[in-house]
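Please look through the model below, and keep both its strands and its chain contacts in view.

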Number of protein chains: 2
Amino acid sequence: MAGKDASSSETKKKDASSSVTKKKEPKSSAAKGKKEVKKETGLGLSYKKDENFGEWYSEVVVNGEMIEYYDISGCYILRPWAMSIWEVMQTFFDAEIKKMKIKNCYFPLFVSSGVLQKEKEHIEGFAPEVAWVTKSGDSDLEMPIAIRPTSETVMYPYFSKWIRGHRDLPLKLNQWCNVVRWEFSNPTPFIRSREFLWQEGHTAFATKEEADAEQKQIPRNSGAVFFLCYFQVLDILELYRRIYEEFLAVPVIKGKKSEHEKFAGGLYTTTVEAFVPNTGRGVQGATSHCLGQNFAKMFEINFENEKGEKAMAWQNSWAYTTRTIGVMIMVHGDDKGVVLPPKVASVQVIVVPVPYKDANTQGIFDACAATVKSLEEAGIRAEADYRDNYSPGWKYSHWELKGVPLRIEIGPKDLANNQVRAVQRDNSAKIDIPMADLTERVKEMLNNIQQNLFDIAKQKRDACIHVVHTWEEFVEALGQKKMVLAPWCDEEEVEKDVKTRTKGEMGAAKSLCTPFEQPELPEGTKCFASGKPAKKWTYWGRSY
Amino acid sequence: MAGKDASSSETKKKDASSSVTKKKEPKSSAAKGKKEVKKETGLGLSYKKDENFGEWYSEVVVNGEMIEYYDISGCYILRPWAMSIWEVMQTFFDAEIKKMKIKNCYFPLFVSSGVLQKEKEHIEGFAPEVAWVTKSGDSDLEMPIAIRPTSETVMYPYFSKWIRGHRDLPLKLNQWCNVVRWEFSNPTPFIRSREFLWQEGHTAFATKEEADAEQKQIPRNSGAVFFLCYFQVLDILELYRRIYEEFLAVPVIKGKKSEHEKFAGGLYTTTVEAFVPNTGRGVQGATSHCLGQNFAKMFEINFENEKGEKAMAWQNSWAYTTRTIGVMIMVHGDDKGVVLPPKVASVQVIVVPVPYKDANTQGIFDACAATVKSLEEAGIRAEADYRDNYSPGWKYSHWELKGVPLRIEIGPKDLANNQVRAVQRDNSAKIDIPMADLTERVKEMLNNIQQNLFDIAKQKRDACIHVVHTWEEFVEALGQKKMVLAPWCDEEEVEKDVKTRTKGEMGAAKSLCTPFEQPELPEGTKCFASGKPAKKWTYWGRSY
């Protein structure tokens, strides 16, 4: 619906960003005649986070060298500065799932339309966003072929083939790949793009517990817990929490999606939900789905169980995407640029020589090199910026814009005192460190920065949570950009009604998740929206 | 041209393979009524490598659990057993290029048609194979969008944007991704597929040497060596050689592609060429291209050099693909299945308990567990196969089919003697190892297997090389499935003529590479094909 608007706003951003990147070499003659430079350093952001969040974000991802806008709307270039963050998370997550005996594989990018359309609810969820290949060279293909928006329908015909007996289970696969969803709502770097990178895990189980549940004919959606399957859903969700909280220093809430918001075709969806205080919007951080036996039924994933009877597999699927990086930038970034948590920063410490005309320049450079060497030997990712065509001040701004957690300055005085000056990116705190204590103190500072970023983000997030009981309170809190925790009757019609009643320029509110940690719900508590008896506390808000 | 034939032969293979995979659970009642089982173990291959190489290959990649055929022709599923090999190579290569300060990034899958067609020679090379997206959901796109067949045209507009001054150079990027080439010639798992995984490196340089060369107006194609650029081309080629020779144990020849065979739009292409003795076909193993300034001209990758003058960047691009895995299987595989070189095997040692009815089964199982533990602690990738529904004999065949380099059997006699029996996959050699020497001896054996595989492959390959001087000798050698080393005049028209004159059922011969190691070329030596004065020794043959 907002297709036209979205692409024109996209174009505007692209233009803005491209003029901005040209500001990078202020002293070269090539810079002459270019657009007016904002600050002495030439590196300032034009927009402030609190004043114009959207423009600030577009500018910070480009000037921070995370993203380049691409000539196809909704597609973005992940530059090395962003890609290295993805790689840190990938290294962690890949090792963790390998411990869980999950194996990597690679299924094709393409799906035939017959297979794609096999699971009805599922395809209804994805059909409008599917990109279709219809030609190769100058020839029309016999049948259009879809590009995967997700790989359930790509993989499960082969699960059916590979799973014959109970000994073939569990089958636990994962792939790191790109997927395409040709969305028309407002594209946003990392957060909503037409192509993105993710991992998608797909697992099939047939534990005794599951088999028991099957035999007892426990009805679908009864809320019964199917043990191994359920445990794995939550084990993966815990990894997602760790990615956000331990690596990206972004607090998330674990919970379950409503029937309306769950994965199309699945049984239930668990999620880690983040929140962006500036826009008052929730962000679905990553999801781990129990698919139940729905896909197994459609794709005939049957097996012979231990008793020689035919049974059907229980399946999960789960994914996190490059969206994680966008959430991190939105939460921690400031008016100076990106702020990187040390754990994901490809450069944790940038060492800047601060020579004066009459100083021992070589001595300063040597001290910088020695500092980098010591830090690297201690397992800290450090680099020095020796460029001679930029001033120390320019370099400070440059690395602040890129979000390096800690800057070390070495000038004549530091050299004389056998010390370095360390400056934190997160709070600008400055401290002199004797060379003798260098690695120990830097490690400590990096740990503190990581913790501080999380603590402050959590404070801010928590300050945005409002508990409400009535519709009036709900609307007021929503207007104040809050994440609203409200007692709910858990009826799909009521959620649809909430959406309708809150429609407006800012987008409708929806349920974000029902948190696993439930506050007490006194008997007689009524649903904030319908007045019916409340069944649970649920988070509501506008969302990306 | 062979589109119809290719897809029908593809279908045939798929049918064959799918019936084959169903043989896997011979003892379950589900196996009843299925196709006749070839051997007692149910695991034999139907085809022999020397008798019907094509069918043997299709069967071995499927039964060895490397590949599953997919319902879209030319697309294949990389199963974990193959993916783990890709990951080993990726870990090696990624670390090596990071040492060279090459950074990973990710550019979009999609290219707009205007950009794709900017470099004329380049697009002529790729146009017939480009897959086009023309629809999303039910709507037609305003303009068709191409799926990348390679990313020169995707990336270089942004190289142009990012490179302003000489200090922005070198720019050294790499990405791990999928690409699509909708080919119509005979699809073959790993070797020729419509989608494949690769890394593609793209680098731009402006060293003093290059700048000098530029100023002196050294003409393109003059053969002048442009130092840094050229060095990097060869540094990368050396990594490709190491992947083949050190990891996959496949001997390759380093050399330069002819003008006719070089990368479309580039200046020159270097290659590592492998050879498959059974089919007498060369395989382009991986290529490292010097693009010269051709793309820089088209995409305006200009910069201000140290003297303040406008200059143009020198570029390289280089890639290796999942084809590597196919070459390895073709070279080492035998009538029992895949043969994995230890360095790339995700399971290097499989431990099989061999209990007898009256034996101490628990003792044997414990010894297996202790063996796996010791090996793992020594950094060896080991697993035990404790399944109780398969006989030891079945397990031997199963792991031989999958190509595990070393099998360890532990039976009652071994338990009594505090030893294990080790059996090599490559040559069936059996040896008893005292438990006390376990890890040391196993390491030694794995190293030997790795070396033996390479040595034998090299012997076989070398035996296929024939030196010829005349057209008659050339045709005869070609008929004997040889790789032909011949003196050549290095004229493109002559190469085209060779192609025409050798056309036939087996496909035409072409130049494979001009090896860097050139035998002596006595003055007066004539070209094997044209009779003109020869300029170099070049390898010729049929090729994948």
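This is a predicted model: local features need pLDDT of at least 70, side-chain atom pairs count only at pLDDT 80 or more; totals for chains, interfaces and linings use all residues.

Residues are numbered from 1 along each chain as its sequence is written, chains are lettered from A and ligands numbered from 1 in the order in which they are written, and side-chain values use heavy atoms, with hydrogens and water left out.

Begin with strand S21 of chain B, residues 483-488. Helices (H or I, at least four residues) and strands (E, at least two) are DSSP runs, numbered from the N terminus. Six of the six residues of S21(B) are buried, where buried means under 20% relative accessible area, exposed means over 50%, and partly exposed lies in between (1.4 Å probe, protein chains only). B:Met483, B:Leu485 and B:Pro487 point one way from the strand, B:Val484, B:Ala486 and B:Trp488 point the other way, and all are buried.

Which strands pair with S21(B)? Two strands count as paired if DSSP finds at least two bridges between them. Strand S20 of chain B (residues 465-467) pairs with S21(B) in the parallel sense over three bridges, and strand S23 of chain B (residues 536-543) runs antiparallel to S21(B), joined to it by five bridges. B:Leu485 has a bridge partner in each: B:Val467 and, in S23(B), B:Tyr539.

Elsewhere in chain B, helix H10 (residues 323-332) is mostly covered, with ten of its ten residues buried. Among them are B:Arg323, B:Met328 and B:His332.

Turn next to the contact between the chains. Chain B and chain A each contribute 68 residues to the contact, which is defined by heavy atoms within 4.5 Å. The two chains bury about 5,700 Å² between them, 57% of it on carbon and sulfur atoms; buried area is the accessible area (1.4 Å probe) that two parts lose on being put together, summed over both. Six salt bridges are found across the interface, each a side-chain nitrogen of Lys or Arg within 4 Å of a carboxyl oxygen of Asp or Glu. In one of them, the side chains of B:Glu68 and A:Lys161 meet at 2.7 Å, N to O. On the side of chain B that touches chain A, strand S5 of chain B (residues 131-136) gives the most, with six residues.

Most residues other than glycine have a negative phi, and most peptide bonds are trans. A cis peptide bond joins A:Leu169 and A:Pro170, with omega about -5°, and the bond from B:Leu169 to B:Pro170 is cis, with omega near -5°. A:Pro170 lies in the loop between helix H6 (152-162) and strand S7 (171-180) of chain A.

A:Asn418 is not a glycine, yet has a positive phi of about 55°. This residue lies in the loop between helix H13 (412-417) and strand S18 (419-424) of chain A and is exposed, with a relative accessible area of 52%. A:Ser428, also not a glycine, has a positive phi of about 65°. A:Ser428 is in the loop between S18 and strand S19 (430-434) of chain A, and counts as partly exposed at 38% relative accessibility.
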